[in-house]
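Welcome! Take a moment to turn the model around on your screen, and then read on for a short tour.

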Amino acid sequence: DMLAPLPTLVDMFGELPQKVIEMFLTMNVLPYEIHTQSPMLTAVFSKLFADLDVPVVEQPFLPMFDEAKTAMMGFLGDGF
């Protein structure tokens, strides 16, 4: 799922915990570790997964994420 920053970016981040939990429940998995590039996501995920002992690691570079982002932007074209 893609989340739209509507009506605001803060609202989108408010939806994120529920969406992530729904995704893991649907897949019937729990991650071993979560990696982010964003201090905001690190804060959200750290609180969300603290009781489950799932570490959240913030890193400046996530090669797979950057490749996926580049591919998605290429797919969406200049209209995004």
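By class, what does the lining of the largest pocket have? The lining has 19 nonpolar, four polar and four charged residues. Here Ala, Val, Leu, Ile, Met, Phe, Trp, Tyr, Cys and Pro count as nonpolar, Asp, Glu, Lys and Arg as charged, and the others, Gly among them, as polar.

This is a predicted model, in which local features need pLDDT of at least 70 and side-chain atom pairs count only at pLDDT 80 or more, while totals for chains, interfaces and linings use all residues. Residues are numbered from 1 along each chain as its sequence is written, and side-chain values use heavy atoms, with hydrogens and water left out.

**The chain as a whole**
- The chain has three helices and two strands, and from the N terminus on they run α-β-α-β-α. Both kinds of element are DSSP runs numbered from the N terminus: helices are H or I with at least four residues, and strands are E with at least two.
- Of the 80 residues in the chain, 20% are buried (under 20% relative accessible area, with a 1.4 Å probe and protein chains only).
- The C-alpha atoms fill a box of roughly 40 × 30 × 25 Å along the principal axes.

**The largest pocket**
- About 1200 Å³ of space lies in the largest pocket. On a 1 Å grid over the protein atoms alone, a pocket is an open set of points where a 1.4 Å probe fits, with protein on both sides within 12 Å along at least five of seven lines; lining residues have an atom within 4 Å of a point. Points are joined across faces, edges and corners, and the volume is the space filled by probe spheres set on them.
- Of the 27 lining residues, Asp 1, Leu 16, Leu 41, Phe 45 and Phe 65 are the closest to the pocket's centre.
- α1 gives the most to the lining, with nine residues.

**Helix α1**
- α1 bends by about 35 degrees at Leu 16, and Pro 17 follows within four residues. The bend is the angle between axes fitted to the seven residues ending there and the seven starting there.
- Met 12, Phe 13, Leu 16, Val 20 and Phe 24 are buried in α1, and the buried residues of this helix pack against α2.
- Just after α1, Asn 28 takes a positive phi of about 60 degrees.

**Val 56**
- Val 56 is found in strand β2 (residues 56–58) and is buried, with a relative accessible area of 17%.
- Leaving aside neighbours within four places in sequence, Val 56 is in contact (heavy atoms within 4.5 Å) with Ile 34, Thr 36, Thr 42, Phe 45 and Ser 46.

Conventions: Buried < 20%, exposed > 50% of the residue type's maximum accessible area, 1.4 Å probe, protein only.
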